[in-house]
Each structure stands twice: as C-alpha cells, then as structure tokens.
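Thanks for coming. I have one model to walk through today, and I will keep it short.

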Amino acid sequence: MNKNKTESSVYLFNLELENKNLLKQNLDLGTELITTDIQSGVETLASSRGQNQLPIFEELINCDKRLPRSFSESFNSPFVVLIGEDKYNWHVPIIYSLKELFREITDKHPKITFRKPELFEEGIEEIVDSLDPHSLDQFTFEYKLEFLDARKMYFPVDEFVKTVRGRLESGFLQQFGILVIAVKPKNLDKAKNALKFEGLRVYTCLPDDTKYETFCSKILGVSPLDEFFGNLKKYERYLDYTHRKFSIFVRRSTDASDKIQYPLKVATFVYLLNDLIKRKKRIINNFEELCEFINEILLEDKIKVETPKLIKTPKLEEKEVIPDLIYSKEGEEIYVEIETLIGTFEPLKKIDETVEKYEGVNNATIWIILKPVSAVIHYEELKARKNAYKILYKSKTIDFKVLTLLTSKDKFKWDLVNIDEFMRRKDVK
C-alpha cells in the first residue's frame, strides 16, 4: 500500500519538475518553440486564384473587404456595414441584399429596425421612437438587421456609439446580426474611427452613383434599368400575377417549407412553356387555347412537374429523386432545380447536395435556377463550383441559370439567363 503511494508521488513529482525545468530554461535563455518554416499545403492551392480580387458584389458597392457568404464564414458573429452616400439611397438595395444573405445563412427572418431622425424645421431635429434613449437601450445585434441613418449632421455616429458602446465592445460575443450605417461620404473615415472596437468587423462602402441603377436592376433581375422600388414593384406584381394565373398547372412539392421557391418554380415553368411554343411555332390566341396546349405538353411529358425518377446509385442501389421540373428539349431530358438557398446556412453546400442526388444519372443535364440576388452574391463561388463539378461529374452538364424579368409598359416576360451572361450585362435585358 505504501509502495503504491510512493510510486504515485514520484511520478507526479517528476512531471512537475520537468515542467518547471522547461519553464526555467525558456526564461533564462529567452527561447521558445516556434515554427520557422511552413510548407505550402492544399489550403494555398484552394485559395490562390483571385484571392486579392474583390468579388463583383463588393465591386458594385465599392466595399473595402469581402463580406461573409455563409454561417461558417460569419462565425455566428455580428458585423457593421458603413455606407457613404449622398444623392442616391444606396442603403436601400444594399440592405435588401444583406437581408437575403441573412435569410440564406440563418433559419430566421431578421428583425428589422430603421433608426432615422426627422427634421421638422431647419436645424431642429425631431427624435423619433427608434432613436430615443429607451429604444437605444434595447439595441442588440442578435438576429437583427439594424439601420442607422446618420447622414443628418445633427445625429453623428459618435453620439450613437456613446449610447451603445457596451453592446459594440461586446459585439464579438454576440450572435449573428448586421448593423448598417449611412453617412455622408465626407464623414466616412470619422465614422469608421468611431467604430473601432476589438473583434467587431466593420465593412466600408463608398458606392459610385453611376452604378446605382445597374446594381438595383441586377439584384432584382429586372430590365430595363430603374431605381430600386420601381423595379421591386414590377417584380412583385408580375410574380404574383404569374403565380395566380399558372399555378393550377404546376404541382407543389410535398415539402413546401420554402414559401419563395414555389412562385419561382411557376415562373420557370412559364419560361419553359414559352420556349416550347416558340420551338413548335404555335400561335396561341387566348387563354383557352393556352390551357389546351399546356394539357397537351403535360400529357406528352414535354414538361414534367414533381415527377419521381428511379435511378441507380454507384453502389447499384435504387433510389428515387424528384426534380422540380424535367424539360424535354430536342430528345434530351433537362433536370431543373430551383434553389432559393433560404435557411440553408451553407448556401453552396445546399447546391452540392442537389447535384449529388443525380450521381447515378449518366449524361445528365442539370439546370440550377437562382434568384438574381443570390447569383450576384455567390457568383465567384458558383464559378469555382462549376469548375469542380466538371472534374467530379464528368458525365454531367451542370449549368447555373438566373431567373430574370423583362418588362415593357404593361407587358412582361420571364427569362432564364446563363449566369456568366447575366453578370456581364450592364442591363439584365
């Protein structure tokens, strides 16, 4: 019994002595173990191409750094976007884009607060609810998208910072959220300095006003060029009309949790319908004739909606996949998948999983249909993915298409545009 105790004591004593000797050596000699040479690994290969070039989304808004694109990139931590703007309300389309990004990388819709002072007389500011002390006491980042309009000189950013300093200093400990602040361009550097807190990520944007209408049209996919709310009204009106008119022909998925996906599927169906009418050189005079034509193509399986397909996996096991749409074009079946990316946390991984489900289909052509705003935000990542797919799925053709809207007076038309072509155009038309 005593022998065991002695052995145990010696073991502990030796371990502690060794640690103390090492510590003493480091203190006496000023030495420590450091890595002096790190050989390049695959990490460098994965990130070397274009690593110093900003993505197109950031170029369009002239942002100083790349914004996070997924939950893992956000580290579930908040960030601040500073916008220098004057003539044009750039914060509106930028907040719309950030709201879409927020919905992609979380499973929540952000709580949105606009904090905008109002001037009711020259030089006299009216304090609105969102800017009174009680309201600012409630300020936190967690799952919120906050906007502060600090362009009016009577409410500078440093006054806001004084009120919520504790929340900003602890920002790195809070959960994901976004604070957007608009200032006059001349005050951008001053605002950035006021927001210097350790661990708080701040992105600075100084957009070029000549690109305003291009950016508004690009993120909504609407042509011709127009300001943001003009395009948004057209987009919502025509998407609603398309849904009401044509949803009777388009079966809805049994998993209808993504409420945005179905109207986009109906609009994609209408695009395919127009393509068939054009290829068949059919003349449709009224809605009754259109119904007859749609019934005909559905019976002929020219377009299949939510139709199960049995495939064999590489392990020769049978499994069922259900494409959103299957389009028969010149003897070829095209599998059409509409991806909103909402609530996916890792948007590009969701696309990987969609492609993977066709692993057992040889010589498959797959169209991934995206919202314009998603195409703009993820363009560089999608191009990299497509290059990888060419190697991983050599027998398949995988294309990214963007659902856009062409308008002229009271007429409109849905269009599917190749993502590269979409990004090259100044106008989505």
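First, the ground rules. This is a predicted model, so local features need pLDDT of at least 70 and side-chain atom pairs count only at pLDDT 80 or more, while totals for chains, interfaces and linings use all residues. Residues are numbered from 1 along each chain as its sequence is written, and side-chain values use heavy atoms, with hydrogens and water left out.

Now the overall figures. The protein has 16 helices and 16 strands; these are DSSP runs, H or I of at least four residues for helices and E of at least two for strands, numbered from the N terminus. Of its 429 residues, 45% are buried. Buried here means under 20% relative accessible area, exposed means over 50%, and partly exposed is in between, with a 1.4 Å probe and protein chains only. The accessible surface is about 24000 Å², and carbon and sulfur atoms hold 51% of it; the areas come from the Shrake-Rupley method with a 1.4 Å probe, and for residues only the protein chains shown count as cover. Taking contacts (heavy atoms within 4.5 Å) between residues at least 6 apart in sequence, 69% join residues at least 24 apart.

Next, the helix pair. Helix 10, residues 212-220, packs against helix 15, residues 372-392, at an angle of about 110°, and the axes are 5 Å apart. That angle makes helix 10 roughly perpendicular to helix 15. On the cut-offs, angles under 35 degrees are roughly parallel, over 145 roughly antiparallel, 65 to 115 roughly perpendicular, and the rest oblique. Axes are lines fitted to C-alpha atoms, for helices over the stretch in contact, and angles run from 0 to 180 degrees between N-to-C directions. Which residues meet? From helix 10 they are Lys-218, Ile-219 and Leu-220, and from helix 15 they are Pro-372, Val-373 and Val-376.

On to salt bridges, defined as a side-chain nitrogen of Lys or Arg within 4 Å of a carboxyl oxygen of Asp or Glu. The count is 27. I will show three of them.

Arg-151 pairs with Asp-149, with the closest N and O atoms 2.9 Å apart. Are these two residues buried or exposed? Both are buried.

Glu-333 forms a salt bridge with Lys-304, where the closest N and O atoms are 3.1 Å apart. This pair links distant parts of the chain, 29 residues apart: Glu-333 is in strand 13, residues 332-339, and Lys-304 is in strand 9, residues 303-305. Glu-333 is partly exposed at 26% relative accessible area, whereas Lys-304, at 18%, counts as buried.

Lys-386 lies in helix 15 and Asp-399 in strand 15, residues 397-408, so the pair ties together parts 13 residues apart in sequence. Asp-399 is buried, at 15% relative accessible area.

His-91 lies in helix 5, residues 91-105, and is buried at 2% relative accessibility. Setting aside residues up to four places away in sequence, His-91 touches Ile-83, Glu-85, Phe-114, Phe-147 and Arg-151.

Thr-242 lies in helix 11, residues 228-246, and its relative accessible area is 1%. Beyond four places in sequence, the contacts of Thr-242 include Val-270, Phe-412 and Trp-414. Ala-267 is 25 residues along the chain from Thr-242, and their C-alpha atoms are separated by 6.4 Å.
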